Each structure stands twice: as structure tokens, then as C-alpha cells.
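Subject: Handover of a structure

Dear colleague,

Please find below the structure I am passing on to you. My findings follow it.

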Amino acid sequence: MIRWEWIASNVDQLADATLDHVVLTAVAVGVGFVISFGLSVLIYRNRRLAGPITGTAGVLYTIPSLALFAFLVPFTGLSFLSAQIGLVSYTLLILVRNIVAGLDGVPADVREAADGMGYGRARRFLAVELPLALPLIVAGLRVATVTTIGLVMVAAVIGQGGLGQVMVRGFNFRNDTAVYTGAVLIVALAVVADLLLAGVGRLVTPWSRPRSR
Amino acid sequence: MPDAPSRAATVEFRHVTKRYDAGGGGKRALGAVNDLSLSVPAGKICVLVGPSGCGKTTSLKMVNRLIEPTSGQILIDGVDAATREVTELRRGIGYVIQQVGLFPHQTIAQNVATVPRLLGWPGPRQRERAEELLATVGLEPARYRDRFPAQLSGGERQRVGVARALAADPPIMLMDEPFGAVDPIVRERLQNEFLRLQEELAKTILFVTHDIDEAIKMGDLVAVLQVGGTLAQFGRPDEILASPASEFVARFVGADRGLKRLSLSRVSSLELRPAVTARLGEDAATARRRIVGEPIPWVLLVDADNRPIGWVSGMDVGARGPVTESMAIPMSPLLNRRTTLKDALSMLLGADVQVGIVVDRTGAVVGLLSVDMIAERMRDTAGEAQYAGAATELVRDAEDRTDDDDADGAVAPVNEAVEA
């Protein structure tokens, strides 16, 4: 049964946990994106790197999260860094795949026209290919973000779980209200983040909106 | 400065060869070019035409160095293209491709202003130029500038592609099957509009097509290429139609060369018949007097700017009162001086009329053109040319006909059997 008075008296703690959750997610996705973007540019410039890079990211992705966090503790401790190493490595596969797919999806005729009109290589990448890859990049960010919000909960095992902590404590003290509240907030966080990113995606890709004629 | 007169450049291919390693097999790779030498004077349209794999697109792309030749030189205004900085070279060459390649994420105006942007023109001047060019290619700037390419039809996109290629007023344009992806009606209109545009622009244009009719229509010069990338013939369209240099060229231009030659003469080459006109609101009696003694008892009703409104029968013109619009019946097809005789003929036949109205750029009446006049031109030129390889062609025609007969013959008994 839900004890509403528990929620009322723990609002501050819940707010802190939510903020932690958001920060853990944002940092993980942010760092993951920067690394993935770099890797994708390498692949874009040298196709032969695609296999090794996505292969490695794929292997990282298949490691069970609990096991990974437990494995990291002897090296980096029960720290923010341990949590981030795990979380970031899970975003890589999703993000690299989507960024590469987005860049690959740029129509050949658009590339040819850009070359033919005298775009340099870097300029073509930044001004033509990257904007056109945005819809898929944003889609990748959405999946990565939602996935990470879920994984942050698991990082509670090394004391870094945000709302996951609330749930773990709930389990330990048989406090159902804490468990449910944590779960609901995590789901709400995921939904809000997804909608937010979808909105940003629409905003930065006005051309791909349904035609208004 | 923006108002500098548009300048055209010469383009010269000197022993240009492009080899592709055909991975083992002795077969020559498609798209190779073999020792191509030709020279395009400034301000002319040179069409590269040939079957697929003949190297025409390769030749085109070697001009803006999207493909680098294996050997030989391409001189633009006497300067070897290979010695120029590649992006700078390309920004000075208009480039139009079949799939257009508009940037989907940019508005139409931004797309048109691509090269000016690359050249670092100030923003307001880019916008001004984009709007000017949209108007030039017949797209109302206010309506189109803020749309995205996905919101345009194929024909509209193709116009934007041409506008974009013209944006920085390049002396040379490369056009790779620019009207290949639109339906025949739109293609025809785009071709005609482009020719009209070229009259003012006078760019040096290299134009690739696989369609011999398009080559004849668009080209001041036509280069026929054959597979393997060798130049089979280079000359004016009428030369190529009148005397194909080889069996290959004769076959490529087709058996209806005579009719095709009509597409090389334009309305301007004929002496037009003067039109008897009456201005809207003019006194009927005056108008009536003008028809007296004319072979055609019709008067062409025109507005204050001499633009045609319709035909009025001499019988409908009253003895008094003004000539009004209600007396007019719908018009004959409108032609202009650039319309080819082939198009004119088919327009007249299509509209089932004997006479077409020729108008100038403002739409004002210049004169009349009749089917008879075209027929006379055909008689004048018929038999003037002795076609090389004509004998083999006759034989082939005969064979074709036999084949057709056979096909008909094969079908007929089946039908009979079914009916029985």
C-alpha cells in the first residue's frame, strides 16, 4: 500500500535523488555522444574501421550491467567515475550506429551536388551531411537516453543510482512506497526525456516535418 | 560586381583519356574515355550524346574534376583545369544533375544561394540574387523562397537546380541529363524555357543526354560518343543528321532523320504571314475593311499591348459599334520565334488548326505560321542531302517491317483459333 505521508515527508530526498539521476544520465549520454561522434567520424573517413569499432561497442553492450559495475569497483571504487564508465560504454553502440547510419543516409546526389558546387570536404560534412544526419542522430540520442535512465537504477549497486538508491533502500527496509515511487519517477523521467528530445529533434529539422501546403 | 556582364568561356578537350581498371576481365570498363579532343566555343551549347557507358558523363565530370583524367588536358579559356584549385574551379562552373541534388534541409532560396554563400557574398546580396534567379526560372519568389525541396514537384525542383547552377553567374554550365527525371511534357517545357534563357545568358554549356532528339534540339554542337569512349562524330546537329560519319552514328540518330531535321529549323527561319488584327474596342467597320481581300476572312483580336485574345470571323464583325471580346473564339496555338518547326507542326496538328500565332517575348503578335509553310520548307530541304549509309538503312527498314508483319501474322491465327 502506498503511504502518501512518507512521500510528503521525503520530498526533499526524492528531489535530490531525481536530480542525481538526471545528472548521471546527462553526463553519461553527453560523454557517450562526444566519444561516439569521434568514432563515427573515424568510420566516415575510413570505412574499414566500421567493423572493429562497432564490434567493440557491441561487446561492451552485451556485458551484463551488474557484472560490469561489480568488475569496475576494484579499479575505480564505489564512485561516480565507475558509474559513468559503465553507463557511457552502453551508449556507444546505439549512438555510433545511428550517427553512422545518418551520415550514410545522405543521398548520393546531394553529396555530388555539394562537391560539384565547390564545397570543401570539411564544409560539406558540417553544412550538408551533418544536418541531414540529424534526424537519425536525434533518434539515437533518444534511445540512448531512455536506456541510460534505466541503467542508472542498476548503478545503485555501487551507490550511484539516483532514484535507484531510493528503490534499493525501499527493498531493504520493506518500504513498498519507496519502491513504487522510485519506479514511477524513473518511468516519468524517461518519458519526459524522450518527449523533450523528440521536440528538440523537430525543432532542429524543420525540413523533415510533414509538408504544409 | 553584380552587374558585370556575364562572360562565357571556351572549353577544349585535348587528347583526354580516362581508363578504369576493369578488374581482370579483358572487357573495357564502362564510362571510360578514349583520346577525346573537341573544342566548344564560348557561348555555345555542346551536347555529349551516346548510349549508356559511352563515357559522356565521365567526360563532363572531368571538366569540374569530379573525375580526374588519366591523361590529356581540359582547357578552360586556355587554362588547364588541372592547375586550378579544385573548389575555386568548381565554384566557377554551374553544375546541374538529373536527380537535382537539392539540399533537403535548406529552403529554396538558401539552395539557390549556395555558391554565392560559398563565395562569401554578403547575406542581403545572396537573398536578392536568389529571388532574382527564381523569377528567371519562372518560380514566383514570394511563393517558393521559403519552402523546402520536399514540398516541390519534380519539374519545380529541376528549375531550382538550374537557378542554383546560375547563381554566381558562371561562364560555364555542366548539365548531366538535367531534364531526364521529369515527364515528357514538363521536359519539353523545361527544354524550351532553357533555350530561351540561354539566348540571354549565352553561357558555354556542356550538356549530357542519351536522347538523340534532345541532343538535336538543345545542341549548337553535338558530340556523338560510342561505347569505349571514342568520339564518333562532332558537328552541328544538321551536319550529323545530313551526313552521319559512320554506320554507328547513322543507326544512333535513327531512321527518321528527315523529320528530325525539322526540329532544327525554327519559326524565325520562315517568313511569317502578316496577321490582320483588330484592337479590342476598335470600331468594327474599320476592322472589317481590313479583312477585305485577305485570303483568310478572320481578324485576330488583340489587346492594347498587341497580345492576341482570339479570332473573330469576318461575318461576326458588325457594321458599327466596337469589336468586343465576346465575338472571339478560342485561339490557335501560340508559337514564338524559337519554337522548332517540328514542335510547331505537332502543335498545329494537335490543335487541328491550319494557322498558329507567333508572338514575341512580351506576348505581342508578330505574325502567323501555317501548316502549308512548314510543308513547303520540308519540300525545299527534302532530297537535298544524300545520306551516307542510306542503302543499309532502307534494307533495315524493310526488315523491320517484315518482322512486324511476322508478329502480326503470328498473332492472327491464335485469335482465329480462339474464335473458332
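**Domains, sheet and chain contact**

In chain B, the C-alpha centres of domain 1 and domain 2 lie 38 Å apart. Please note that the model is predicted. The domain assignment of chain B places domain 1 at residues 11-255 and domain 2 at residues 268-379.

Chain B contains an open sheet of 6 strands with mixed pairing, ordered β6-β7-β8-β3-β9-β10. Its edges are taken by β6 and β10 (230-235) of chain B; each has a single partner strand, so one side of each is left without a neighbour in the sheet. From one strand to the next, the twist averages 15 degrees.

As to the β6 end of this sheet, β6(B) pairs with β7(B), residues 172-176, in the parallel sense, and 5 bridges join the two strands. Within this pairing, M173(B) of β7(B) is the bridge partner of G94(B). Across β6 and β7 of chain B lies helix α7(B), residues 154-166, which runs at about 165 degrees to β6(B).

The contact between the chains involves 19 residues of chain B and 16 residues of chain A. On the chain B side, the elements that each give two or more residues are α2 (86-91), β6 (93-97) and α4 (114-118). By class, that side of chain B has 10 nonpolar, 7 polar and 2 charged residues.

Yours sincerely

How values were computed
Residues numbered from 1 in each chain as written. Chains lettered and ligands numbered in written order. Predicted model: local features only at pLDDT ≥ 70, side-chain atom pairs only at ≥ 80, totals over all residues. Contact = placed C-beta atoms within 7 Å. Helix = DSSP H or I, 4+ residues; strand = E, 2+ residues; numbered from the N terminus. Nonpolar A, V, L, I, M, F, W, Y, C, P; charged D, E, K, R; others polar. Pairing = 2+ DSSP bridges. Axes fitted to C-alpha atoms, helices over the stretch in contact; angles between N-to-C directions. Domains from an automatic or database assignment.
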